[in-house]
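Have a go at each task before you look at the solution.

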Amino acid sequence: MRLLEFYNSFPTEESCKKDFKLMREKVGITCKVCGGCAHYWLKSKEMYQCKLNSCRFRTSLKSGTVMENSKLSFHIWYKAMHLITATKNNISAVEVQRQLGIKNYEPVFEMLNKLRLIMGKRDEQYTLDGIVEFDEGFFSNSEILKENEFTNQKEELKRGKGSQKKSAIAVLHSTSKVELNLKSKSKHKSDRKPKFLKMYQLAFVNSKEISQTIKKSISKKAELITDKAKYYNDLQDKVTKHTPYDSKKVNILKVLPWVHKAISNIKGTLWNIYKGVSNDYMQNYLSEYCFKYNRRSFGVNVFNRLVLASALYQWN
Ligand SMILES: [Zn+2]
């Protein structure tokens with residue numbers, strides 16, 4: 001949503017509350033006690049009441065959503081969601097705090113992490129199909145490795161060196177075939193165009209963890225492309241076709257172009273915006289990046305998608 005449009009649509013707390021109520025009713029309210037979906041709106045109390053006579057449990061507008069237990073106003077949540085979705089890049093809590101003029105950092109940091117978490121939950125609803133590139137990116141805990149260090153660091157980690165200091169991210173990028181236009185002046189002469197992206201923080205880099213990540217992220221109908229690391233030996237039954245390329249024989253950056261572009265971009269983002277991130281919050285930053293990347297063609301509608309997700313998913 002564009003800035004002017006946002007301020008025209010949501011000038012007050014009341015306007016945000018009204019919109020959020022509509023969104024909640026669109027996705028449905030579920031009673032915490034009996035699980036029923038039929039509710040009355042009690043205007044004087046600003047609460048939903050369960051229609052079941054033996055229950056009558058009341059649900060506030062924020063309860064059961066990402067805003068549950070939050071003391072921040074609807075207007076603050078809406079402004080934060082606008083700031084998150086207004087630009088292509090991730091945004092730091094410090095910047096949101098500065099833009100919104102909020103005194104304390106902690107509630108802003110908490111709000112942003114809750115929003116990032118529901119962005120991850122939203123994307124978990126989808127599996128990747130088509131031709132899927134897979135690789136891992138490696139990050140040190142406090143700094144992002146420079147791009148030219150990437151290959152050596154990966155080899156070291158695969159040999160089991162230095163793994164305590166680094167965290168690994170599984171990166172999956174779905175693509176679809178396109179006619180290669182040889183006359184095109186585009187830098188990327190790939191015969192595949194990028195579709196959707198998933199990134200997961202890995203607890204360990206081993207066959208079991210990689211196999212589970214592939215299973216939860218990719219459709220069985222998909223085709224998988226990887227390098228020839230030993231962790232990828234038993235992936236055949238997870239997809240229609242698995243093609244491992246030997247990095248000693250082919251230029252792996254050309255075989256897996258989109259996954260490497262994504263790794264390079266997320267490193268840049270994490271370093272430029274956050275100056276490095278701790279392991280505890282890494283997954284949330286990755287989820288924010290993927291949510292926005294996967295909706296890059298939605299234009300101004302990304303804001304509405306985030307409001308929808310915030311009404312759908314509970315924080316805990
Ligand atoms: Zn009930």
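## Exercise 1: Phe 196

Work out whether Phe 196 is buried, partly exposed or exposed.

Solution. Start with the rule: a residue is buried if 20 or more other C-beta atoms lie within 10 Å of its own, exposed if 12 or fewer, and partly exposed in between, with C-beta atoms placed from the backbone. Phe 196 has 19 C-beta neighbours inside 10 Å, so it counts as partly exposed. Before going on, note that this is a predicted model, where local features need pLDDT of at least 70, side-chain atom pairs count only at pLDDT 80 or more, and totals for chains, interfaces and linings use all residues. Residues are numbered from 1 along each chain as its sequence is written.

Now find where Phe 196 sits and what it touches.

Solution. Phe 196 belongs to strand S6, residues 192-202. (Helices, H or I with at least four residues, and strands, E with at least two, are DSSP runs numbered from the N terminus.) Next, set aside the neighbours within four places in sequence: Phe 196 is then in contact with Leu 128, Ser 174 and Asn 294. Contact here means that the C-beta atoms of two residues, placed from the backbone, lie within 7 Å.

## Exercise 2: Lys 45

Decide whether Lys 45 is buried or exposed, and say where it lies.

Solution. Lys 45 is in the loop between strand S1 (39-42) and strand S2 (47-50). From Lys 45 to Ser 60 is 15 residues in sequence and 8.7 Å in space, C-alpha to C-alpha.

## Exercise 3: Helix H3

Check the span of H3, then see how enclosed it is.

Solution. H3 covers residues 74-86, which is 13 residues. The expected span is 1.5 Å times one less than the number of residues. H3 reaches 18 Å from its first C-alpha to its last, close to the expected 18 Å. Ten of the 13 residues are buried, so H3 is largely enclosed by the rest of the structure. Among the buried ones are Phe 74, Trp 77 and Ala 80. Their cover includes helix H1 (3-9), helix H2 (13-27) and helix H5 (105-123).

## Exercise 4: H3 against H11

How do the axes of H3 and H11 cross?

Solution. They come within 9 Å and cross at roughly 130 degrees. (Axes are lines fitted to C-alpha atoms, for helices over the stretch in contact, and angles run from 0 to 180 degrees between N-to-C directions.) That makes H3 oblique to H11, because angles under 35 degrees count as roughly parallel, over 145 as roughly antiparallel, 65 to 115 as roughly perpendicular and the rest as oblique. On the H3 side, Met 81, His 82, Ile 84 and Thr 85 meet Val 302, Phe 303, Leu 306, Val 307 and Ser 310 in H11.

## Exercise 5: The whole chain

Solution. The protein chain has eleven helices and eight strands. Of its 316 residues, 33% count as buried.
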